[in-house]
Amino acid sequence: MVLAVLGYQLNATMLSPALPDVMHRLHTTSGLVGLSQTLFFLFAAVGQVTLARLSDYRGRKPMMLLGCLLVIAGDIACAAAPGIGVFLAGRVLQGFSAALFTLSFLTLSDTLSPRGFGRAAGIITAVNGGFAGVDAVFGGRLAVTVGFRGIFLAGLAVSAAGALAVYRTVPAAPPTATGRMDWRGTAFLGLGLTGVLIGLAQGESWGRLSAPTAGCVVAGLACLVAFALSGRGNRDAVIDTGLLASRRAWPLLATTVLTLAGAFGALTLTVPLFAQDPQAGYGMSATHSALLFATPAQALGVIGAPLAGILGPRIGWRRSVVIGSAGSLAAFAVAVPFMTSQWILVAALAVLGITYNGLSITAVNGLAVVSSPADQKGALPGLNGACFGIGASLGTALASALITAAGSGGAHGADRYAPAMWASLGLLAAAMVATAAIRAVPKVETGAQGAGAAVPALHG
């Protein structure tokens with residue numbers, strides 16, 4: 001399963017340094033290349049919900065194999081793309097397979113003891129951001145030497161090995177739910193996520209208050225309301241409305257969105273732009289900036305996530321979420337006022353490897369699995385997986401808007417980036433509040449049936 005999810009994740013991390021090469025070799029524009037990234041993360045959110053819930057009815061292993069095949073098909077399409085159209089289609093297929101993460105957690109929960117689930121979930125989470133930053137550097141080298149197509153060929157080799165490993169070694173557990181898939185609710189949810197995420201992602205180029213941006217966001221929110229209403233009284237709803245309204249679900253989903261919005265927006269946009277700005281920041285190269293501010297956290301995450309997986313079953317997944325949120329908030333509380341002090345900023349962001357990449361990401365995934373009813377085990381983890389994309393899009397959109405607004409307002413030096421950093425700190429503080437509202441899952445005896453098998457259905 002590590003090979004399977006790594007095959008997907010490499011398409012997210014290795015390609016970033018090669019985007020200019022894609023634009024050059026496919027004779028396309030930066031806008032269309034940016035759209036390929038938007039579609040990748042958009043369909044990652046849709047795929048998390050759809051395939052995870054469908055696995056309740058069809059079984060985990062068949063859906064995992066489908067995810068592997070989608071990655072392979074996407075790698076082939078992108079590697080052989082004669083133009084941007086085929087490339088965009090390949091990125092959609094790759095994005096949809098993001099459900100491999102959620103499906104892995106569900107499979108582990110179905111087959112392992114609670115402690116075994118925690119340890120294995122931590123190992124899976126360790127590749128959530130790539131392979132300790134080495135993959136991004138390797139992707140840059142491939143782009144320089146053989147071009148972007150080499151990146152997808154490398155990903156294809158990993159994904160093919162992952163598909164074979166899943167086919168031969170992952171146990172085929174029976175479906176956990178009866179009935180039929182709620183395709184109407186799935187369509188409402190997919191359209192809702194599409195509208196909101198496209199509005200957030202394209203708002204910078206369309207204009208934050210433009211008609212297309214507002215239309216996408218409003219239509220998306222309307223579809224999400226229709227999704228919630230369509231689930232009332234529906235035994236086969238994508239997610240039970242009673243569970244969604246309970247303190248097991250909505251504070252967890254809010255925590256995921258706010259945590260990703262605060263940390264992801266700063267780590268992937270604000271800090272790199274500040275570090276590379278020769279007037280306002282440190283004037284570093286892109287490689288130097290990544291090695292100093294991103295790689296330490298990614299490397300520590302490879303260690304922190306498995307440790308978090310061991311800690312979760314011992315002290316409780318909710319408590320692990322609280323510790324992760326508090327640690328990330330404390331790290332940003334140091335980073336923001338000292339952002340002009342290079343080594344203090346480096347040290348503070350490195351701490352996020354343990355608190356954010358390790359504890360928080362592992363714990364919210366683990367808590368989503370053990371909080372799900374036995375007959376809807378794929379519902380909450382799938383929706384929580386979609387919240388990763390929503391939070392990441394929200395964080396980058398907000399950071400970009402604040403940086404642009406500060407620059408337009410005449411801010412100079414570090415003051416141009418300070419509002420975005422303070423906003424990230426505020427979002428993490430809000431995540432801490434949401435975390436405190438999560439209702440703890442009662443300790444139950446689960447035996448050999450897995451970490452979440454005995455959690456009862458919730459109604460109200």
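**Helix 7**

I checked the length of helix 7, residues 114-125: its 12 residues should span 16 Å at 1.5 Å a residue, and its end C-alpha atoms are 16 Å apart, which agrees. The expected span is 1.5 Å times one less than the number of residues. Helices are DSSP runs (H or I, at least four residues), numbered from the N terminus. This is a predicted model, where local features need pLDDT of at least 70, side-chain atom pairs count only at pLDDT 80 or more, and totals for chains, interfaces and linings use all residues. Residues are numbered from 1 along each chain as its sequence is written, and side-chain values use heavy atoms, without hydrogens and water.

I then looked up burial (under 20% relative accessible area, 1.4 Å probe, protein chains only). Buried residues of helix 7 include Gly 116, Phe 117, Gly 118 and Ala 120. Ala 121, Gly 122, Ile 124 and Thr 125 are buried too.

**Helix 16**

Helix 16 covers residues 342-370. I found a kink of about 40° centred on Leu 352. The bend is the angle between axes fitted to the seven residues ending at a residue and the seven starting there. Of the 29 residues, 22 are buried, so helix 16 is largely enclosed by the rest of the structure.

**Largest cavity**

I noted its volume as about 40 Å³. A cavity is a set of points on a 1 Å grid over the protein atoms alone where a 1.4 Å probe fits but cannot get out; lining residues have an atom within 4 Å of a point. The lining includes Asp 182, Phe 227 and Leu 244. Helix 11 (211-230) and helix 12 (241-245) each supply at least two lining residues.

How values were computed:
Buried means under 20% relative accessible area, exposed over 50%, partly exposed in between (1.4 Å probe, protein chains only). On a 1 Å grid over the protein atoms alone, a cavity is a set of points where a 1.4 Å probe fits but cannot get out, and a pocket is an open set with protein on both sides within 12 Å along at least five of seven lines; lining residues have an atom within 4 Å of a point. Grid points are joined across faces, edges and corners, and a volume is the space filled by probe spheres set on the points.
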